[in-house]
Amino acid sequence: FIAATGASLQEHYGAQMLRAGFSGVPYKILAVESAAQGQSLATFLGWSVPARLSRWVLVVLPARGGEEVRLSDLKGQVVMINFWATWCGPCRQEMPLLEQIQAKYEPLGFTLLGVNVEPDSAGALKWLEKVPVSFPILFDTANAVAERFGVEGMPSSVFVDRDGRVRYVHRGYKPGDEAQYADLIRSLVKE
């Protein structure tokens, strides 16, 4: 989908936005960089993208092991930041698939970060004992990072390119979305 241009691009993504985002359950495309035209799809379609989505935000979050993770330290990597909560059914369904994505694309310069947004991280830690993942799990107990990235629902995934530019935001999860994630990751790691 990255290589599509012109009216077909506008029709395709416009239809997806109507089906997905404006029918009451926003979960699809908010911003995609059009490789063919070098501009964001949102700009191409005349949609506004909040300025807070344009570049890395200065963020330090505590991780599951007690260390702190700086998002800026990941510049040079393609990064998927997945915001999730244990009370979110689609988040629980998506987590094992995210583990597979991390394992497959990590050798290509890809990093996945799981950011739990619950005020008390104890429930997330307990749940992760049953559904172990190898990618870093961070805790945004005050939702400060989620707000800075414009996250409004769970799960939400933010895709950031090697230069630290937010290229895509995906809201929600339904079976099959992982194929869309994989397409985007492959495209971004090739750049």
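User: Against which strands and helices do the buried residues of H3 pack?

Analyst: They pack against strand S5 (78-84), strand S6 (110-116), helix H4 (122-130) and helix H6 (177-190). Packing is judged by contact, meaning heavy atoms within 4.5 Å. The model is predicted, so local features need pLDDT of at least 70 and side-chain atom pairs count only at pLDDT 80 or more, whereas totals for chains, interfaces and linings use all residues. Residues are numbered from 1 along each chain as its sequence is written, and side-chain values use heavy atoms, with hydrogens and water left out.

User: What makes a run of residues a helix or a strand?

Analyst: Both are DSSP runs, numbered from the N terminus: a helix (H or I) has at least four residues, and a strand (E) at least two. By this rule the protein chain has 6 helices and 9 strands. H3 (residues 89-105), with 17 residues, therefore meets the helix requirement.

User: Where does a kink lie in H3?

Analyst: The kink lies at Met-95, shortly before the proline Pro-96, and is about 35°. The bend at a residue is the angle between axes fitted to the seven residues ending there and the seven starting there.

User: Why is Asn-82 called buried?

Analyst: Buried means under 20% relative accessible area, exposed means over 50%, and partly exposed lies in between (1.4 Å probe, protein chains only). Asn-82 has a relative accessible area of 1%, and is therefore buried. This residue is found in strand S5. Leaving aside neighbours within four places in sequence, the contacts of Asn-82 include Glu-94, Leu-98 and Pro-155. The buried residues of H3 include Glu-94 and Leu-98.

User: Why is Asn-143 called partly exposed?

Analyst: Its relative accessible area is 26%, so Asn-143 falls in the partly exposed class. Asn-143 is found in the loop between strand S7 (137-139) and H5. Its phi is near 60°, a positive value in a residue other than glycine. Most residues other than glycine have a negative phi, and most peptide bonds are trans. A cis peptide bond joins Met-154 and Pro-155, with omega about -15°.

User: How do you know that Cys-88 and Cys-91 form a disulfide?

Analyst: A disulfide is a pair of cysteine sulfur atoms within 2.5 Å. The sulfur atoms of Cys-88 and Cys-91 are 2.4 Å apart, so the pair qualifies. A search of the whole structure finds 1 disulfide. The link is right-handed, with 80° about the S-S bond, and both Cys-88 and Cys-91 are buried.

User: How do you know that S8 and S9 pair, and which way do they run?

Analyst: Two strands pair if DSSP finds at least two bridges between them. Strand S8 (residues 156-160) is joined to S9 by 5 bridges, so the two strands pair. They run antiparallel, and Val-160 stands opposite Val-166 in S9. Their hairpin has 5 residues between the strands, and there Gly-164 takes a positive phi near 85°.

User: What makes strand S9 mostly covered?

Analyst: In S9 (residues 166-171), 6 of its 6 residues are buried. In the protein chain, buried residues make up 50% of the 191 residues.

Technical notes
Expected span 1.5 Å × (residues − 1).
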